[in-house]
Amino acid sequence: MKKIENYIAKNINEYNDLYSKSINHPENFWSEIASTFSWRNKWTKTLEYDFNKPEFKWFLNGKLNITENCLDRHLEENPNKTAILFEPNDPNKETQKISYKDLHQRVCVFANVLKSKNVEKGDRVCIYMPMVPELTIAVLACARIGAVHSVVFAGFSSTALAARIKDSECKILLTADGSFRGSKVIDLKSIVDEALLECDSIESTIVFKRTGSNVKMNNNETWWHNEIEDVSDYCEAEEMDSEDMLFILYTSGSTGKPKGMVHSCGGYMVYSTYTFLNVFQYQSNDIYWCTADIGWITGHSYIVYGPLLAGATSVMFEGVPSYPDYSRFWNIVEKHKITHFYTAPTAIRALAKHSVSLVESNDLSSLKVLGTVGEPINEEAWNWYDKNIGKSKCPIVDTWWQTETGGIMLTSLAGVTKDKPTFATKPMIGIQPVLLDKDGKEILGYDKEGILAIKYPWPSIARTIYGNHQRYKNVYFTAYPGYYFPGDGALTDSEGNFRITGRVDDVVIVSGHNLGTAPIEDAINLHENVVESAVVGYPHEIKGNALRAFVILLDEAVIVDMEKEIKEQISKTIGPIAKPDIIQIVPGLPKIRSGKIMRRILRKIASGEKENFGDISTLLNPEIVKQILIKA
Ligand code: PRX
């Protein structure tokens, strides 16, 4: 049987060749890639799909357990290789190196703990934890027994956590007493306590002791370290169908409620591994570091699953780039001889604001490949990254993808295909992107601009929105029938390289975080002195985009610091990441006859535009534009 290495492009000709095969004979192609994994039973059919239903099934009737591929498979050849290299928040505390053998044991132990709590195949488990190895162990322990993990980023508020627990009716919650973020200690447990007041589905909570904070343990709450005492490290993996649910991960959308994107076992396993190896060109002794949090899809696919499935050493960092100072990332690169460094443009822009001496005092010569993800990277940041971090010798992969896509969709392959500043460049092998015009017609040729869409399924496309298939259809498959519509605009250069131009819906990417404006407006409107609000994005030097809220008050004479209260309201309902930079109290909002807010105008005002608002004759209240501008 061939190994996956045989399908990794090593030069441009191989990329072209693999790409053509993947497009001309997708089923044969993906069937061959899937054959390089370990399955309990082979699939009987490679793909069944229907863009209209929509329905996507890959490797039908195949039986597997993803953790056997992440862990057991590596035990024969590489039991002592470091799987997880943990770098704690405090640089003076010890690094942990967890081998594949150790990780396997610890996952099995915790899987048995979950079983002892009556967690069964298909049950949902909410994980709300800091970036410590136990988070990865929790994720894999769920997968081991066929439970569905729903990781919630530990920066979300109690209200946001409760909403996610309730939406997928999680049976058990895994959390920690607190988390370290730079010089701060965050009291996770009291956020959890507040959330749990509303969540009836949670039967028990297991608390990992991280900060040693004094926390109150309630009924059915136990300590992680007590639970794992004397538990067997043998746990037979549950046999899963390819299409069984592996995890739910929430992402925000253009309407208020978060969308629980559902990923399934077989296709996700195949695609996350295949993209990891091709995009980063990982070699067996490399030390790969993705700085994301496992609470986001980047962490799921490219800290946990992709790297572990590929048998790589994956670094987990608990802290922040600014602690103890802005040289922390580069200290870590030197300390662990990092070869692959994958981060967000917003981090690069923030770090570039500080003296290069913070970079230059570190030996970065181990670096071979750099990557970016989450938002467009501007040319200045790209050049800074290339020159100061990559020393003009490391390829930079600018990877475009989404929670919904499960894995990287547009990218260069490091050192194999050409990179180009500000361009995500080419489709990943197996991906068929097109540009559409407003009427949904494909725009042929290069050097064009349009709406990005994907015209053929790939193995890790999200299968549905948990509990709301109709919404899944409405959001991604209705505006442009026959395609997957990701919500981004794009253009191509004369060589067919893709550049993402930004969202075409009411989602704003702030510091690489996908934020729907609707949930933020909902949060603002909860304030008793708010009549209505509109939130829009505008370009920001470091964050890429920032948010500005226009708010109509019930009574402007009420003597409170409305700005502060609104920000607190948002932090409480969603989390601090969703706080607008500017809150402007306005007498009204520009509306068309149907009552719809004309956001186009607000976006222009937020971007500093003073006069060119285009046609505003359809506005019910055109005078409002001037009134908003006077106070802007
Ligand atoms: O707008 C695109 C932007 O992030 C969105 C997806 O956000 P999320 O699901 O949170 O996943 C982020 C990490 C994969 C996309 O629709 N985006 C992501 N990567 C890029 C990007 N925009 C431009 N360039 C990228 N490389």
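This is a predicted model: local features need pLDDT of at least 70, side-chain atom pairs count only at pLDDT 80 or more; totals for chains, interfaces and linings use all residues.
A search of the whole structure turns up 47 aromatic pairs, and one of them, Phe-51 with Phe-56, is edge-to-face. On the helix side, α6 is largely enclosed by the rest of the structure, because seven of its ten residues are buried.

**Helix α6 and its surroundings**

- If you want the names, the buried residues of α6 are Ser-158, Ala-160, Leu-161, Ala-162, Arg-164, Ile-165 and Asp-167.
- Take α7 as the partner to look at: the axes of α6 (residues 158–167) and α7 (residues 188–196) come within 8 Å and cross at roughly 55°. That angle makes α6 oblique to α7, and the crossing is right-handed.
- At this crossing, α6 brings Ser-158, Leu-161, Ala-162 and Ile-165, while α7 brings Ile-191, Val-192, Glu-194, Ala-195 and Leu-196.
- As for how such a face comes about, an α-helix has 3.6 residues a turn, so residues three or four places apart point the same way.
- Just past the end of α6, Glu-169 has a positive phi of about 45°.

**Helices α3 and α10**

- Here is another crossing: α3 (residues 66–75) and α10 (residues 297–309) have axes that come within 8 Å and cross at roughly 55°. These two helices are therefore oblique to each other.
- The handedness of the α3 and α10 crossing is left-handed, whereas α6 passes α7 in a right-handed one.
- On the α3 side the contact residues are Ile-66, Asn-69, Cys-70, Arg-73 and His-74, and they meet Tyr-305, Leu-308 and Leu-309 of α10.

**Aromatic rings**

- In the Phe-51 and Phe-56 pair, the ring centres are 5.4 Å apart and the planes make an angle of 75°. The pair counts as edge-to-face because that angle is over 60 degrees.
- Both partners are tucked away: Phe-51 is buried at 8% relative accessible area, and Phe-56 is buried at 3%.
- The two rings also belong to a cluster linked by ring pairs, whose members are Tyr-49, Phe-51, Phe-56, Tyr-456, Trp-458, Tyr-472, Tyr-476, Phe-477 and Tyr-484.

**Lysines over rings**

- Lys-209 has its charged end over the ring of Trp-223, 4.7 Å from the ring centre.
- Lys-420 does likewise with Phe-423, lying over the ring face at 4.3 Å from the centre.

**Backbone spots worth a look**

- Some background for this group: most residues other than glycine have a negative phi, and most peptide bonds are trans.
- Lys-53 and Pro-54 are joined by a cis peptide bond with omega of about -20°. Pro-54 is in the loop between β1 (45–50) and β2 (55–60).
- Another cis peptide bond joins Tyr-323 and Pro-324, with omega of about -5°. Pro-324 sits in the loop between β17 (313–317) and α11 (328–336).
- Asn-220 isn't a glycine, yet its phi is positive at about 60°. You'll find Asn-220 in the loop between β11 (204–208) and β12 (221–223), where it is exposed with a relative accessible area of 54%.
- Asp-230 is also a non-glycine with a positive phi, about 55°. Its loop runs between α8 (224–227) and β13 (240–241), and Asp-230 is exposed at 80% relative accessible area.

**His-263, a buried histidine**

- His-263 is part of strand β15 (residues 259–264), and it counts as buried because its relative accessible area is 1%, under the 20% cut-off.
- Leaving out residues up to four places away in sequence, its contacts include Met-245, Leu-246 and Phe-247.
- Other residues that His-263 touches include Tyr-268, Ile-297, Thr-403, Glu-404, Thr-405, Gly-406, Ser-460, Ile-461 and Ala-462.

Conventions: Residues are numbered from 1 along each chain as its sequence is written. Side-chain values use heavy atoms; hydrogens and water are left out. Rings of Phe, Tyr and Trp (its six-membered ring) pair if their centres lie within 6.5 Å; planes under 30 degrees apart count as stacked, over 60 as edge-to-face and the rest as tilted. Buried means under 20% relative accessible area, exposed over 50%, partly exposed in between (1.4 Å probe, protein chains only). A charge sits over a ring if NZ of Lys or CZ of Arg is within 6 Å of the ring centre and within 35 degrees of the ring normal. Axes are lines fitted to C-alpha atoms, for helices over the stretch in contact, and angles run from 0 to 180 degrees between N-to-C directions. Helices (H or I, at least four residues) and strands (E, at least two) are DSSP runs, numbered from the N terminus. Angles under 35 degrees count as roughly parallel, over 145 as roughly antiparallel, 65 to 115 as roughly perpendicular and the rest as oblique. A crossing is left-handed if the near helix is turned anticlockwise from the far one by less than a right angle, and right-handed if clockwise. Contact means heavy atoms within 4.5 Å.
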